[in-house]
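Please look over the sequence and the model below.

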Amino acid sequence: QVQLVESGGGLVQAGGSLRLSCAASGRTFSSYAMGWFRQAPGKEREFVATIAWSGIYTMYADSVKGRFTISRDNAKNTVYLQMNSLKPEDTAVYYCAASGYSYDLLDRFGSWGQGTQVTVSS
């Protein structure tokens, strides 16, 4: 199983940018689909973006499409989330996740990091 550690969260003003990183352990990283999910206080955890093992295929939530970019560097066992034009409604704990199934099967992401806090001030 893959162990995941997120970093890069913080406090930014609306319109600003952050780059989240997720470091993964294990030699099988390149075989996993990877994703980012987020959870705001009192809200359900929601899908943000996923990326296939090859990095060719990606999927984004409508709320972040055009502003966020997911990428991965399999040689470094790392997945990234570049977040631009941040809005207060992006405030949440962001979690990195891994799946042994297809990137578009959201219910199959079952290995989770500890989360990193992103706060966007208005």
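Does Trp112 count as buried, partly exposed or exposed, and at what relative accessibility? The model is a predicted one, and in it Trp112 has a relative accessibility of 33% and counts as partly exposed.

A search of the whole structure gives 4 aromatic pairs. Phe37 and Trp112 make up one of these, with an edge-to-face arrangement: the ring centres are 5.0 Å apart and the planes are at 70 degrees to each other. Because Phe37 belongs to strand E4 and Trp112 to strand E10 (residues 111-112), this pair ties together parts that are 75 residues apart in sequence. Phe37 and Trp112 also belong to one aromatic cluster together with Phe47 and Phe109.

Two arginines have their charged ends over aromatic rings. The charged end of Arg45 sits over the ring of Trp112, at 4.3 Å from its centre. For Arg19 the ring is that of Tyr80, and the distance from the charged end to the ring centre is 4.0 Å.

Strand E4, which holds Phe37, spans residues 33-39 and is mostly covered, with 6 of its 7 residues buried. What does E4 pair with? One partner is strand E9 (residues 92-99), which runs antiparallel to E4 and is joined to it by 7 bridges. Within this pairing, Ala33 stands opposite Ser99 of E9. Strand E5 (residues 46-51) also pairs with E4 in the antiparallel sense, over 5 bridges. Here Met34 has Ile51 of E5 as its bridge partner. E4 and E5 form a hairpin with 6 residues between the two strands, and Gly42 in the turn has a positive phi of about 75 degrees. As a general point, side chains in a regular strand alternate between the two faces of the sheet.

Strand E9 leads on to the disulfide. The structure holds 1 disulfide, formed by Cys22 and Cys96 with their sulfur atoms 2.1 Å apart. The pair links distant parts of the chain: Cys22 is in strand E3 (residues 18-24) and Cys96 in strand E9, 74 residues apart. The link of Cys22 and Cys96 is left-handed, with -85 degrees about the S-S bond. Are these two cysteines buried or exposed? Cys22 is buried, with a relative accessible area of 0%, and Cys96 counts as buried at 0% relative accessibility.

Terms used. Residues numbered from 1 in each chain as written. Predicted model: local features only at pLDDT ≥ 70, side-chain atom pairs only at ≥ 80, totals over all residues. Heavy atoms only, no water. Buried < 20%, exposed > 50% of the residue type's maximum accessible area, 1.4 Å probe, protein only. Helix = DSSP H or I, 4+ residues; strand = E, 2+ residues; numbered from the N terminus. Pairing = 2+ DSSP bridges. Disulfide = S-S within 2.5 Å. Phe/Tyr/Trp six-rings, centres within 6.5 Å; stacked < 30°, edge-to-face > 60°. Lys NZ or Arg CZ within 6 Å of the ring centre and 35° of its normal.
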